[in-house]
Amino acid sequence: MRHALLKLALVSALALLSGAGVVSAKDTVKIAFIGPLTGGVSANGIGGRNSADLAVRLRNQDAKNKYHYELVSLDDECKANIAVQVATKAASDNAITAGITHYCSVTAIATVDTYHKFGFPVVVWGAVLPDITYRNKYAEVHRVNGTMINQNEEAAKFMLKQGYRTWAIIHDTTDYGKGHDKYFTEHLTKNGGKVPRASASPPTSRTSPPSSPGRRS
Amino acid sequence: MIYFGGLTPLGVRIRQQMDRLGVNAQFEGTSGIKSDAYIEGLGAKLAEGSLCFLEGAPAEKLPGGAFFMSSYQKQKYNESPEAYGPFAFAATNLVIDAIEKVGPNRKRVIAELNTTRDRDSIIGKITFDDHGQNIVPLITKYVAQDGKWVVWEDSEYATGKRKLKGR
């Protein structure tokens, strides 16, 4: 009797195991999402995270897929130092294959060396500083969105076409703001616009609402 | 003209300051203020007429864009995808396509991503140059109209019904 019970238990356990085997027939592949999930620009970070999550959910519904995907979301807070920490965390975890990384240019540029060092493939989804892809030639780093060079050329030409001639430029003093200033001014003056003077706003502003208002030029 | 190179939180503050100090200039931002949070932060009235520029075609105008928006709504996320959500969606699909093709191996995924040419996506074609940069020729212009970012060509500013400051 006891023997029969044991046998029954064994059979059930085997049935359970094989059942579990059917459910997890696909290996799980982890992908990291990194963006500003807290702080002043978190709306963009969360919108990006949800969109990456949507892509993963839709793909997981597809029976033809070879793998099951899991998104690991990490918060870079739109801060360079935090970004390097979370980038290292993702890149040093061998269970994570690739990353969908960064909205803020300050975080995207701060982390390219980390991804390169770890041989970790990333696709930048929102940061526009040209240097992110163009300062180095890292095979690991890709970007689906365009750069601020394209954006400012179009912006300058369009505004001149509207009949405007003189600009005051305000930027946030980060590499991001400086880059916009540089490329917009370049395209503007080349096409006949004037920028008497550029002025900078407090650098704290890119991570949280500024405690003091930006200076006007 | 006031041109602002920075992100939404500071953009909102600067536009408010212009109003308080009576600076009657046209305000132009970058992709950094292309967010619903910019308009929500200012209110529809103060945001009205602000301009910004964003790379890529507007998602809702591309074949896959409508699918993206309706799928996004079905998931009932509490937040909007914002300006770069479609880029995150496209990037994730690109990575998944690569893994499906070559397996979850970093080196092979890197090599596969680097071959990306003329790939259809909800942000338009994706082609990486030798720096891994997508070459996107298209820039879309937006103007804030009645509390929304409207594609310039579809706006009442383009038809002349409404006018930018100083025009």
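Two strands count as paired when DSSP finds at least two bridges between them. Strands here are DSSP runs of E, at least two residues long, and helices are runs of H or I, at least four; both are numbered from the N terminus.

Now the ground rules. This is a predicted model: local features need pLDDT of at least 70, side-chain atom pairs count only at pLDDT 80 or more, and totals for chains, interfaces and linings use all residues. Residues are numbered from 1 along each chain as its sequence is written, while chains are lettered from A and ligands numbered from 1 in the order in which they are written.

I start where the chains meet. Strand β6 of chain A, residues 168–171, pairs with strand β1 of chain B, residues 2–5. The sense is parallel, over 4 bridges. In that pairing, A:His171 stands opposite B:Gly5.

How many residues does each chain bring to the contact? Chain A gives 74 and chain B gives 67. Contact means that C-beta atoms, placed from the backbone, lie within 7 Å. On the chain A side, α2(A) supplies the largest share, 14 residues. That side divides into 37 nonpolar, 26 polar and 11 charged residues. For the classes: Ala, Val, Leu, Ile, Met, Phe, Trp, Tyr, Cys and Pro are nonpolar; Asp, Glu, Lys and Arg are charged; the others, Gly among them, are polar.

Next, the sheet in chain A. It is open, with 5 strands in the order β2-β1-β3-β4-β5 and parallel pairing. Why is one side of β2 (67–75) and of β5 (141–143) left without a neighbour in the sheet? Both stand at the edges, each with a single partner strand. Neighbouring strands are turned by 25° against each other on average, direction ignored. Axes are lines fitted to C-alpha atoms, for helices over the stretch in contact; angles run from 0 to 180 degrees between N-to-C directions.

Inside the sheet, β1 (27–35) and β3 (96–101) of chain A pair in the parallel sense over 5 bridges. A:Ile31 stands opposite A:Ala98 in β3(A). Helix α3 (80–91) of chain A packs on the sheet and touches β1, β2 and β3, at about 160° to β2(A). Helix α2 (42–60) of chain A lies across β1, β2 and β3 too, at about 170° to β2(A).

Last, chain B. Domain 1 covers 2–56 + 138–159, and domain 2 covers 57–136. Those bounds come from an automatic or database domain assignment. The domain centres, taken over C-alpha atoms, are 26 Å apart. Domain 1 of chain B puts 10 residues into the contact, domain 2 puts in 9. The domain 1 side has 3 nonpolar, 4 polar and 3 charged residues.

Methods
Contact = placed C-beta atoms within 7 Å.
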